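Reader: I am new to this structure and would like to go through it with you. Could you please begin with any terms I shall need?

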Amino acid sequence: MALQNQYTPGILEAGLDEAGRGCLAGPVVAAAVILPADFAHPVLNDSKQLSHKQRLDLREVILDQAIDWAIGIYSHRQIDEVNILKASFMAMHEAVGQLQVRPEALLVDGNRFIRHEIPHTCIVKGDGKFLNIAAASILAKTFRDDIMLMLHAEFPQYAWDSNKGYPTEAHRLAIHHHGLSPYHRRSFNSSIQLQLF
């Protein structure tokens, strides 16, 4: 089924999504994207449904054709301070605040959000339903992947180039052998240990 262009026709909407919420290391990254009302693309979909190459190709299309886009980042330290759910919402708020074009409404992937001065609508699995949320999911995912590749160069033993900080078996075993890196989320420490033993 083709993704819809707008939730409310005639309203300037920004799609919001995040990447990295379920990771053990690195930041959570959010994106806000405003697409033209007539935007269409046959491949654009939820980033999880696309290959790495498709995501990178679509990122270039989005950056070129979007009315506006912005990224918000909450670091591993900030995640530990406020918890991952709030950090995800605050990263989305940060992304909206970075937009040069003010949207009239926000379309948020998921079922919860922290109130913003701009009206919002939460849409469960919205990245598979609306183009602007799908575009936000792609930007959030690819920008976060770039960050994890840089961190991998500093700490290659955790294989962040392949797992991107998610709790794969190899990542958990690397933590068991090497301990936590400076980029691991300490608030997840107890759950990491439970997964290891």
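Author: On a 1 Å grid over the protein atoms alone, a cavity is a set of points where a 1.4 Å probe fits but cannot get out, while a pocket is an open set with protein on both sides within 12 Å along at least five of seven lines. Lining residues have an atom within 4 Å of a point. Grid points are joined across faces, edges and corners, and the space filled by probe spheres set on them is the volume. The model is predicted: local features need pLDDT of at least 70, side-chain atom pairs count only at pLDDT 80 or more, and totals for chains, interfaces and linings use all residues. Residues are numbered from 1 along each chain as its sequence is written, and side-chain values use heavy atoms, with hydrogens and water left out.

Reader: How many cavities of 30 Å³ or more does a search of the whole structure find?

Author: The search finds 1. The largest cavity holds about 40 Å³ of space, and its lining consists of Asn5, Gln6, Ile11, Glu13, Leu35, Ala37 and Asn132.

Reader: What is that lining like by class?

Author: The lining of the largest cavity has 3 nonpolar, 3 polar and 1 charged residues. Here Ala, Val, Leu, Ile, Met, Phe, Trp, Tyr, Cys and Pro count as nonpolar, Asp, Glu, Lys and Arg as charged, and the others, Gly among them, as polar.

Reader: And how much space lies in the largest pocket?

Author: About 420 Å³. The largest pocket is lined by 24 residues, and Asp17, Glu18, Arg21, Lys48 and Asp109 are those nearest its centre. Its lining has 6 nonpolar, 7 polar and 11 charged residues.

Reader: Which element gives the most to the lining of the largest pocket?

Author: Helix α3 does, with 4 residues. Helices (H or I, at least four residues) and strands (E, at least two) are DSSP runs, numbered from the N terminus.

Reader: Turning to the sheet, in what order do the strands come?

Author: The 5 strands form an open sheet in the order β3-β2-β1-β4-β5, with mixed pairing. Two strands pair if DSSP finds at least two bridges between them. β3 (68-74) and β5 (120-123) stand at the edges with a single partner strand each, so one side of each has no neighbour in the sheet.

Reader: In which sense do β4 and β5 pair?

Author: β4 (residues 105-109) pairs with β5 in the parallel sense, over 4 bridges. Leu107 stands opposite Thr121 in β5.

Reader: Where is Lys141, and is it buried or exposed?

Author: Lys141 is in helix α4 (residues 131-154). Lys141 counts as buried because its relative accessibility is 18%; buried means under 20% relative accessible area, exposed over 50%, and partly exposed in between (1.4 Å probe, protein chains only). Not counting residues up to four places away in sequence, Lys141 touches Ala19, Ser47, Arg55 and Lys164, where contact means heavy atoms within 4.5 Å.

Reader: What about the phi of Lys164?

Author: Lys164 has a positive phi of about 55 degrees, although it is not a glycine. Most residues other than glycine have a negative phi. Lys164 sits in the loop between α5 (160-163) and α6 (169-178), and at 12% relative accessibility it counts as buried.

Reader: And Lys125: buried or exposed?

Author: Lys125 counts as exposed, because its relative accessibility is 64%. Lys125 lies in the loop between β5 and α4, and its phi is also positive, near 55 degrees.
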